[in-house]
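Here are my notes on the model you sent. They are set out as numbered points, to be read with the structure open.

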Amino acid sequence: MHPLLILLTLMGALVVQSTVLQVQPFSFIAPNLIVVFLLYVSMMRGSLTALYCGLLIGLIQDILFGTYLGLYAYTFATVGYFAGMTFRSYWSRQLVMVILIMLGYSFLAELTAYGLSRLFGYAHVDLMAAVTHTVRIMIWNGVFALLLYVPSVKLLATERGRSMAEESL
């Protein structure tokens with residue numbers, strides 16, 4: 001898949017996240033589809049592609065929905081890059097390891113966004129409430145990561161990566 005198509009897919013995830021998942025009854029679920037798909041990009045395409053895709057989709061999200069520029073751009077680029085480095089180390093592991101890494105990085109992404117918002121005085125939420133919200137999003141991200149594993153592998157993988165992913169199942 002061409003990197004431009006990956007970016008368009010991420011924009012589609014942004015549209016679904018900001019429209020369908022904001023209305024009742026889906027608003028209770030509220031996964032971060034961009035983080036889930038960005039983590040699949042980092043797993044299948046590497047850390048640099050995830051860094052650039054995360055930076056661009058984060059800038060788009062900041063421009064369209066953000067209060068200030070750079071919060072999601074920095075968060076998505078950082079998480080995409082370091083997740084790609086982690087996936088490179090643990091690629092030959094099983095699906096359980098992939099999901100655990102995704103859970104950890106989705107938790108880290110939400111906590112980074114909270115920390116940056118708190119640092120610049122935008123968020124006035126208690127840390128315990130933020131961690132509770134982050135854990136809930138992390139769990140839903142894990143559920144959606146399981147649901148989107150096979151389509152993401154088919155969409156993003158090169159031939160070498162596809163055979164390795166099928167071995168991990």
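**Notes on helix packing and the core**

1. In this predicted model, Leu10 is in contact with Ile34, Phe37, Leu38, Cys53 and Ile57, leaving aside its neighbours within four places in sequence.

2. Leu10 also stands out in the largest nonpolar core, which has 37 residues: together with Tyr40, Leu10 touches the most other members. At least two residues of this core come from each of H1, H2, H3, H4, H5, H6 (127–147) and H7 (149–156). Which helix gives the largest share? That is H2, with 11 residues.

3. Helix H1 (residues 3–19) packs against helix H3 (residues 47–65): their axes come within 10 Å and cross at roughly 35 degrees. The crossing of H1 and H3 is right-handed. On the H1 side the contact is made by Ile6, Leu7, Leu10, Met11, Leu14 and Ser18. H3 contributes Cys53, Leu56, Ile57, Ile60, Gln61, Leu64 and Phe65. By type, the residues of this contact are 11 nonpolar and 2 polar, with no charged ones.

4. An α-helix has 3.6 residues a turn, so residues three or four places apart point the same way. Keep that in mind when reading the lists for the helices.

5. Helix H4 (residues 71–89) has 19 residues and reaches 28 Å from its first C-alpha to its last, close to the expected 27 Å. The buried residues of H4 are Leu71, Ala73, Thr75, Phe76, Ala77, Val79, Gly80, Ala83, Gly84, Thr86 and Phe87. What covers these buried residues? The cover includes H2 (33–45), H3 and H5 (95–119).

Terms used
Residues numbered from 1 in each chain as written. Predicted model: local features only at pLDDT ≥ 70, side-chain atom pairs only at ≥ 80, totals over all residues. Heavy atoms only, no water. Axes fitted to C-alpha atoms, helices over the stretch in contact; angles between N-to-C directions. Helix = DSSP H or I, 4+ residues; strand = E, 2+ residues; numbered from the N terminus. Left-handed = near helix turned anticlockwise from the far one by under 90°. Contact = heavy atoms within 4.5 Å. Nonpolar A, V, L, I, M, F, W, Y, C, P; charged D, E, K, R; others polar. Expected span 1.5 Å × (residues − 1). Buried < 20%, exposed > 50% of the residue type's maximum accessible area, 1.4 Å probe, protein only. Core = buried A, V, L, I, M, F, W, Y, C linked by side-chain atoms within 4.5 Å.
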